[in-house]
Amino acid sequence: MKKILIAEIAQEVSTFNPVQTNYDAFQIHHNENLFDYHNRKPTQMGGAIKVLKKYFHIVPTIGARATSAGPMSEDCWEKISTEYLQNIKIHKENIDGIYLSLHGAMQGVSENDPEGWILKKTREIFGKSIPIVFSMDLHGILTKKMITYGDAFTSFHTYPHIDFFDTGKRAAELLRYMISGAKLTISRIRIPALVRGNELITETGCFGDQINKIKKLEETKQIISGGFHIGNPFTDVPELCSQIYFIYDKYHKKNNEEIKTIAEEFWNNRARMQSNLIDIGEAYKNSKVTEGTIIYTDAADAPSSGAAGDSNYIIKFLHQKKYNKKVLAPITDPALVQKAIDFGFDNEFIGQLGGYFDKRFKPYEMKFKVRFISDGDHIEESRNVKRNSGKTAVLISENFTIVCTSKPISLFDRSVFLGAGIDPKKYDLIVVKSPHCRPEFFDEWSQINLNIDAPGSTSANLHSLGHKICERPIYPLEENTKFDLLIEEKTI
Ligand SMILES: [Zn+2]
């Protein structure tokens with residue numbers, strides 16, 4: 001039976017988060033533990049495992065994934081990259097194919113293309129004849145190095161993401177095809193545009209049109225694989241952009257017209273695909289007259305996009321306005337959690353909320369009562385995998401219920417509330433620190449969702465961030481950016 005090496009290296013970075021990612025932030029699994037963590041789970045690797053185990057002997061090596069945050073520290077990248085190499089090298093003589101589960105938007109303070117580095121080193125170890133296939137998030141920045149040293153790839157077709165499993169399965173099928181001897185051609189077009197906002201929701205937004213066309217070409221076997229990456233606008237790396245790719249083999253006619261058409265459609269929609277942010281004062285006027293639950297989206301402090309999660313901007317505003325309905329809000333603040341633990345359950349104390357990591361937020365003083373303390377273990381609602389938010393406290397301050405975690409944790413669903421025994425439906429106003437969540441989590445049952453123009457390291461107000469590394473000009477940072485439609489090709 002042929003042997004397939006599998007590994008996972010994944011994180012999404014916001015360059016504008018001042019807190020570097022340390023090695024401890026990574027959840028690491030080795031060998032059989034990696035297989036067990038993902039087997040039968042709705043993750044990218046879970047999908048790949050489902051296909052691969054039917055046909056091959058799987059060799060699990062290393063999995064390292066971290067919640068989105070600031071760039072990896074020098075020491076962190078040194079350890080992660082060294083550990084990766086050590087774990088794959090020992091299988092050098094004995095492998096027929098490689099599947100890597102990646103995100104695509106990693107960055108280290110000393111390495112702007114970690115995934116490109118991983119693929120280059122993997123290629124150097126295993127040589128040209130071993131197929132390397134990887135899967136990615138459509139927020140990943142697919143680089144020249146990744147395309148040069150990898151053979152083929154698949155990407156999510158959904159945003160908010162619900163096709164982790166399917167994307168892994170498609171990558172595994174692609175690897176299987178390559179092992180049977182398929183020779184592939186990759187075409188891609190890079191588009192100098194950064195986009196955000198509701199139009200990116202693939203079910204309802206205009207970006208869905210481009211994705212649907214790619215899916216149709218895949219379904220009707222006109223291409224083997226295709227994807228549209230919008231990149232992560234907060235990962236300020238040299239090759240940050242939007243891009244489309246098609247993968248063909250000799251049985252497919254090259255669909256150059258189609259790839260150009262889809263790229264042009266996207267470019268023409270670039271102004272529509274920007275965020276519609278609302279000033280918090282305006283939002284507040286609406287909130288007072290609305291019945292039912294109101295969502296204040298604080299995507300500027302979204303840990304799933306790479307922010308630190310310690311913004312107190314909305315809580316402070318509502319508290320100072322003496323908003324008196326029931327508010328539910330998450331925040332990351334290890335010092336405040338520790339203070340809650342020191343005072344203990346059911347006791348009151350005066351504490352400083354927020355601004356623990358990101359100094360653009362000044363700590364805000366409030367009086368709290370400790371309602372709940374836990375070690376932070378909970379199940380992620382979206383993917384049914386175990387997660388940990390570090391020591392976590394639920395603090396009550398008059399009409400405010402604040403779920404305070406020690407570690408930033410993705411808030412694209414309700415896990416952090418449910419894990420603390422809280423039913424969000426019982427609240428009048430909820431702060432959601434994610435640009436978009438699956439509709440059933442909040443939007444389907446709330447009255448209104450207002451996307452607040454708040455400060456933060458993942459603000460959709462892209463001009464506010466200060467990009468320094470990515471290639472310029474790029475829309476909307478330069479309004480008059482030109483798009484030269486150019487197809488790049490690689491044949492294996
Ligand atoms: Zn993503």
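Me: Which strands form the open sheet with antiparallel pairing, and in what order do they stand?

Reply: The sheet consists of 4 strands in the order S8-S9-S7-S20. Strands are DSSP runs of E with at least two residues, and helices are runs of H or I with at least four, numbered from the N terminus. This is a predicted model, in which local features need pLDDT of at least 70, side-chain atom pairs count only at pLDDT 80 or more, and totals for chains, interfaces and linings use all residues. Residues are numbered from 1 along each chain as its sequence is written.

Me: What makes S8 and S20 edge strands?

Reply: Strand S8 (225-229) and strand S20 (488-491) each pair on one side only. Direction ignored, neighbouring strands of this sheet are turned by 15° against each other on average.

Me: Why are H7 and H8 called roughly antiparallel?

Reply: The axes of helix H7 (residues 207-219) and helix H8 (residues 256-268) cross at roughly 165° and come within 9 Å. Axes are lines fitted to C-alpha atoms, for helices over the stretch in contact, and angles run from 0 to 180 degrees between N-to-C directions. Angles over 145 degrees count as roughly antiparallel, under 35 as roughly parallel, 65 to 115 as roughly perpendicular and the rest as oblique. H7 and H8 are therefore roughly antiparallel to each other.

Me: Which residues make the contact of H7 with H8?

Reply: H7 contributes Asp-209, Gln-210, Lys-213, Ile-214 and Leu-217, while H8 contributes Glu-258, Ile-262, Glu-265 and Phe-266. Contact requires C-beta atoms, placed from the backbone, to lie within 7 Å. These residues divide into 4 nonpolar, 1 polar and 4 charged.

Me: What is the handedness of the crossing of H2 and H6?

Reply: The crossing is right-handed. That term applies if the near helix is turned clockwise from the far one by less than a right angle, and left-handed if anticlockwise. The axes of H2 and helix H6 (residues 164-179) come within 6 Å and cross at roughly 35°.

Me: What makes S2 and S6 edges of their sheet?

Reply: This open sheet has 6 strands in the order S2-S3-S1-S4-S5-S6, with mixed pairing. Strand S2 (27-30) and strand S6 (152-155) each have a single partner strand, so one side of each is left without a neighbour in the sheet. The twist averages 15° from one strand to the next.

Me: How many bridges join S1 to S4, and in which sense do these strands run?

Reply: Strand S1 (residues 3-10) and strand S4 (residues 97-102) run parallel and are joined by 6 bridges. Glu-8 stands opposite Ser-101 in S4. Helix H2 (residues 44-55) packs on the sheet, touching S1, strand S3 (57-65), S4 and strand S5 (132-136), and its direction makes about 160° with that of S4. Helix H3 (residues 74-89) also packs on the sheet, touching S1, S2 and S3, at about 170° to the direction of S3.

Me: Why is Ala-69 called buried?

Reply: A residue is buried if 20 or more other C-beta atoms lie within 10 Å of its own, exposed if 12 or fewer, and partly exposed in between. Ala-69 has 25 such atoms and is therefore buried. Ala-69 is found in the loop between S3 and H3. Residues touching Ala-69 include Val-13, Asn-17 and Pro-408. Ala-69 and Gly-306 are 237 residues apart in sequence but 4.0 Å apart in space, C-alpha to C-alpha.

Me: What makes both faces of S10 covered?

Reply: In strand S10 (residues 294-297), Ile-294 and Tyr-296 on one side and Ile-295 and Thr-297 on the other are all buried. S10 runs parallel to strand S18 (residues 429-432), joined by 4 bridges, and Ile-295 stands opposite Ile-430 in S18. S10 also pairs in the parallel sense with strand S19 (residues 448-451) over 4 bridges, where Ile-448 is the bridge partner of Ile-294.

Definitions and conventions: Two residues are in contact if their C-beta atoms, placed from the backbone, lie within 7 Å. Ala, Val, Leu, Ile, Met, Phe, Trp, Tyr, Cys and Pro count as nonpolar, Asp, Glu, Lys and Arg as charged, and the others, Gly among them, as polar. Two strands pair if DSSP finds at least two bridges between them. Lists of a residue's contacts leave out its neighbours within four places in sequence.
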